Amino acid sequence: MKPGFLAKNPSVLTFLLVLAIFTLAITFLSDAYGSGLVSTSMVKTLGKTLCLCLIAIAMDLIWGYTGILSLGHFAFFGLGGYMVGMWLMFARTRDIVLASAGGALPMTPQELSDAIASQIFGVVGASELPTVWAFAGSLPAQLALVVLVPGLLAFVFGWLAFHSRVTGVYLSILTQAMTLALSLYLFQNDSGLRGNNGLSGLQNIPGIEGAGQDAVSVWFLWASALALALGYMLASFIVSGKFGSVIRGIRDDEARVRFLGYSVESYKLFVFTLTAVIAAIAGALYYPQAGIINPAEMAPIASIYLAVWVAIGGRGRLYGAVVGAAFVSLVSTWFTGGRVPDVNLGFYTVKWVDWWSVLLGLSFVLVTLFAPKGLAGLVDLVQGLRPPRRGGTPLGPDDGSLQEQEAVE
Amino acid sequence: MNHLLEVSGISVTFDGFRAINNLSFSIGTAELRAIIGPNGAGKTTFMDIVTGKTKPDEGRVIWGEKSTNLLKLNEAKIARAGVGRKFQRPTVFEDQSVAENLMMALKANRAPWSVLFWRPTKADHFKVAALAEEVGLGDSLARKSGELSHGQKQWLEIGMLLAQEPRLLLVDEPAAGMTLAEREQTTALLVDLARTRAVVVVEHDMEFVRRLGCKVTVLHEGSVLAEGSLDHVTSNPKVIEVYLGR
């Protein structure tokens, strides 16, 4: 990144400032490092929200910029979570097993492995460590897998899909099928990842027993904020140069880009794989804060929500995605948490816990129809950037650049 | 053996309909050629085959000094080999500025990694400005190309083609939607371009073809009906029958 990148992209600087102020403010209001005005569970919610903002950036890159409506990015998010969750669970169980055996003769590696396995897999009736847990004892290895497993899956899937020139709604269905298949597979007990129980107890980080959850939650908030900041900078670097021009070109007219000599498939594959990796990193930071991960997290609905966040926030610009994810997921937490008073209409009581999805669906439809720029469009309104409404077809040379409807007026 | 492109014996069938029927065509390294023909004669399909969009059922398409088989390459590779194409309707990236459109078309490495770290040099900015000047958009570099008029978009697309520095230009109805003055400019530009590279113009406006003053190939029902100067082909009784006889 050459100097002057921030100067050329003032929105990045603004974003980083806002994020830094937010993170500091929460730190000074937290239980562990400040006045305690913000509860530990709230800090966790905010930290998780930052992770959702990060995956929203990935979604904006693939959908808003490249025009590929992927409805499967939560599969990568979940896989990232599983990869880090395996280490968390394994390492913690190992500590517990060692502690409970304390004083007795040292265990052989086989005994230790069996003891850990029966602890972790007793719930699904297995007592052997599956092969996929081969590296679970090593943090660096599992962290590498956070990137490698989803990256490889995205690469193979993307290569097959893009090279057969699957586009548009067919590709969306294919990505959705992928996440559904993955989630169904993980639901099976013999998939080696505890079936529908998923991985739990992830909030306890092995090796730092001294620190309480109040401190750990703030550390994760920092880590999530840092990841979001880096992700934002990376994404704006990608979309700012010629690469950004090319992918927006692919979104608007794929064939034309091809005739300019760009290999459209390679670009799609590149963006798809990169965004899968970003999603996986977001997931790896999310699930230790959530404490539990199970295959339901990868259900197709999760990825659809992701598309809704980005659409409401405003696709095609990065801060739009972030604002959308933060706003919708926080409001969603508020509504589904039962903290919004019910509305009594006399003949019917609107319980927001039930009606929230209807409200969300309705706002999605309304935003798509009437405010395609989403919440981020408000920024344009403030700055007074009102592009002329252009409809109809070009009229040809004589009426100049007016479009059909304008010329009628 | 100074042919840049040699198409021989190609045929293509869409659902039983023979769009191209045993067509052969060749063009030199610096030549201007007009292809005319009634609707459905296979003009656009011919261009689709050369640019790799459509694969023919049989026949050969040979390119350049090394006699590359274009049928084995995909669209992007053919474009990189030096075939530029201008579509009938102007297709520019309306959401992006004139400068961005031209910058994207500028001849450079097209691989994702090198594009990601590619940043324009002074020379590139200069080239883009010069190209914009050449197509009369010198003052509009920062404008979104969606705001341009139809004719200006045509010009921008021509500018993008020039930026690609192709060795063969395939131009589909360049004069469509242009004013009289713009048509004259276009003719002059095409004639000028054909001094250094091969240019194929598909057109059914006879007046425009006359102004180009070049060799003409007449297509009919997917094969070559006649070839020669415009006066020669228009005096050909078969051509008269196809164009006027029905």
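In which helix of chain B is His150(B) found? Select His150(B) in this predicted model: the residue belongs to helix H6 of chain B, which covers residues 150–164.

**Stop 1: His150(B)**

With the residue selected, display its surroundings. His150(B) has 23 C-beta neighbours inside 10 Å and therefore counts as buried, the threshold being 20 or more. Along the chain, 27 residues separate Gly177(B) from His150(B), while their C-alpha atoms are 7.0 Å apart.

**Stop 2: the domains of chain B**

Colour chain B by domain. Domain 1 is made up of residues 1–82 + 200–246, and domain 2 of residues 83–165. Between the C-alpha centres of these two domains the distance is 27 Å.

**Stop 3: where chain B meets chain A**

Now show both chains and select the residues in contact between them. On chain B there are 31 such residues, and on chain A there are 28.

**Stop 4: a helix pair in chain A**

Move to chain A and select helix H3 (residues 40–65) together with helix H12 (residues 300–313). Their axes are 10 Å apart and the helices pack at an angle of about 80 degrees. H3(A) is therefore roughly perpendicular to H12(A), since angles of 65 to 115 degrees are classed in this way.

Show the side chains at the contact. H3(A) contributes Ile55(A), Ala56(A), Met59(A), Asp60(A), Trp63(A) and Gly64(A), and H12(A) contributes Leu306(A), Ala307(A), Trp309(A), Val310(A) and Gly313(A). Of these residues, eight are nonpolar, two are polar and one is charged.

**Stop 5: Ala56(A)**

Centre the view on Ala56(A). Leaving aside residues up to four places away in sequence, Ala56(A) touches Leu306(A), Trp309(A), Val310(A) and Gly313(A), and also Ala321(A), Val322(A), Gly324(A) and Ala325(A).

**Stop 6: the largest nonpolar core**

Which residues touch the most other members of the largest nonpolar core? They are Ile55(A), Ala56(A) and Ile57(A), in a core of 174 residues.

Key:
Residues numbered from 1 in each chain as written. Chains lettered and ligands numbered in written order. Predicted model: local features only at pLDDT ≥ 70, side-chain atom pairs only at ≥ 80, totals over all residues. Axes fitted to C-alpha atoms, helices over the stretch in contact; angles between N-to-C directions. Helix = DSSP H or I, 4+ residues; strand = E, 2+ residues; numbered from the N terminus. Parallel < 35°, antiparallel > 145°, perpendicular 65-115°, else oblique. Contact = placed C-beta atoms within 7 Å. Nonpolar A, V, L, I, M, F, W, Y, C, P; charged D, E, K, R; others polar. Core = buried A, V, L, I, M, F, W, Y, C linked by C-beta atoms within 7 Å. Buried ≥ 20, exposed ≤ 12 C-beta atoms within 10 Å, placed from the backbone. Domains from an automatic or database assignment.
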